[in-house]
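Please read these notes with the model open beside you.

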Amino acid sequence: MEFPDLGKHCSEKSCKQLDFLPLKCDVCKQDFCKDHFTCAAHKCPFAFKKIFMYRCSKEGCKKKEMLQVTCDQCRGNFCIQHRHPLDHSCKHGSRPISVAGCSARRASESKPSGAFSTLSSSWLAQRFRSKVKR
């Protein structure tokens, strides 16, 4: 007994093999056998139109990326290799900030003011002394 509706023929003109587990091309949405399902194997006409769109803004770099990688400081678009401010010589602000500089800056911003810190430390010392006396 035959199953005429089972499986699909490969959409490649030179193949037309009956495949019971056909693979669909993500770009052109046609069914192909295991030998022709990649865009390169069936010469997909739509494959390379939308892939790499974002060009690196670093002078001399000609790389393109699929996703946009934007610098938070200068708002330029860069490839993966030049995405960090130090890698593309970011000129936004007075000078590029290193990783250590960012950490030190965050730490200085999160410290409480002098009056508050002495008040909180003396309050903590009093609480500790009262617990020890009991």
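1. Start with a term. Buried means under 20% relative accessible area, exposed means over 50%, and partly exposed lies in between (1.4 Å probe, protein chains only). A salt bridge is a side-chain nitrogen of Lys or Arg within 4 Å of a carboxyl oxygen of Asp or Glu.

2. Know what you are looking at. This is a predicted model, where local features need pLDDT of at least 70, side-chain atom pairs count only at pLDDT 80 or more, and totals for chains, interfaces and linings use all residues. Residues are numbered from 1 along each chain as its sequence is written, and side-chain values use heavy atoms, with hydrogens and water left out.

3. Now the overall layout. The chain has 2 helices and 6 strands. Here helices (H or I, at least four residues) and strands (E, at least two) are DSSP runs, numbered from the N terminus. Read from that end, the order is β-β-β-β-β-β-α-α. The chain has 134 residues, and 19% of them count as buried.

4. Next, surface and contacts. The accessible surface of the chain is about 11300 Å², and carbon and sulfur atoms supply 57% of that. Such areas come from the Shrake-Rupley method with a 1.4 Å probe; for residues, only the protein chains shown count as cover. Contact means heavy atoms within 4.5 Å. Take the contacts between residues at least 6 apart in sequence: 8% of them join residues at least 24 apart.

5. Look at Glu12. It sits in the loop between E1 and E2.

6. Ser14 lies between strand E1 (8–9) and strand E2 (18–19). Is Ser14 buried or exposed? Ser14 counts as exposed because its relative accessible area is 66%. Ser14 and His42 are 28 residues apart in sequence, and their C-alpha atoms are 9.7 Å apart in space.

7. Turn to charge pairs. Side chains of opposite charge can pair when their charged atoms come close. How many salt bridges does a search of the whole structure find? The search finds 3. Lys8 pairs with Asp31, with the closest N and O atoms 3.4 Å apart. Lys8 lies in strand E1 and Asp31 in strand E4 (residues 31–32), so this pair ties together parts that are 23 residues apart in sequence.

8. Asp31 has another partner to check. Lys24 forms a salt bridge with Asp31, and the closest N and O atoms are 3.9 Å apart. Asp31 is buried, since its relative accessible area is 15%. Lys8 is partly exposed at 43%, and Lys24 is partly exposed at 48%.

9. The remaining pair is Lys34 with Asp35, where the closest N and O atoms are 3.4 Å apart. Lys34 counts as exposed at 61% relative accessibility. Asp35 counts as partly exposed at 47%. Salt bridges that share partners join Lys8, Lys24 and Asp31 into one network.

10. Find the nonpolar patch. Leu6, Leu18, Phe20 and Leu21 make a nonpolar surface patch of about 430 Å². Patches are made of residues with over 30% relative accessible area and no salt bridge: like charges are joined within 9 Å, and nonpolar side chains (Val, Leu, Ile, Met, Phe, Trp, Tyr) within 5 Å. Leu18 lies in strand E2. Leu18 is partly exposed, with a relative accessible area of 39%.

11. Finish with His88. His88 is in the loop between strand E6 (64–65) and helix H1 (99–110). Why does His88 count as buried? Because its relative accessible area is 8%.
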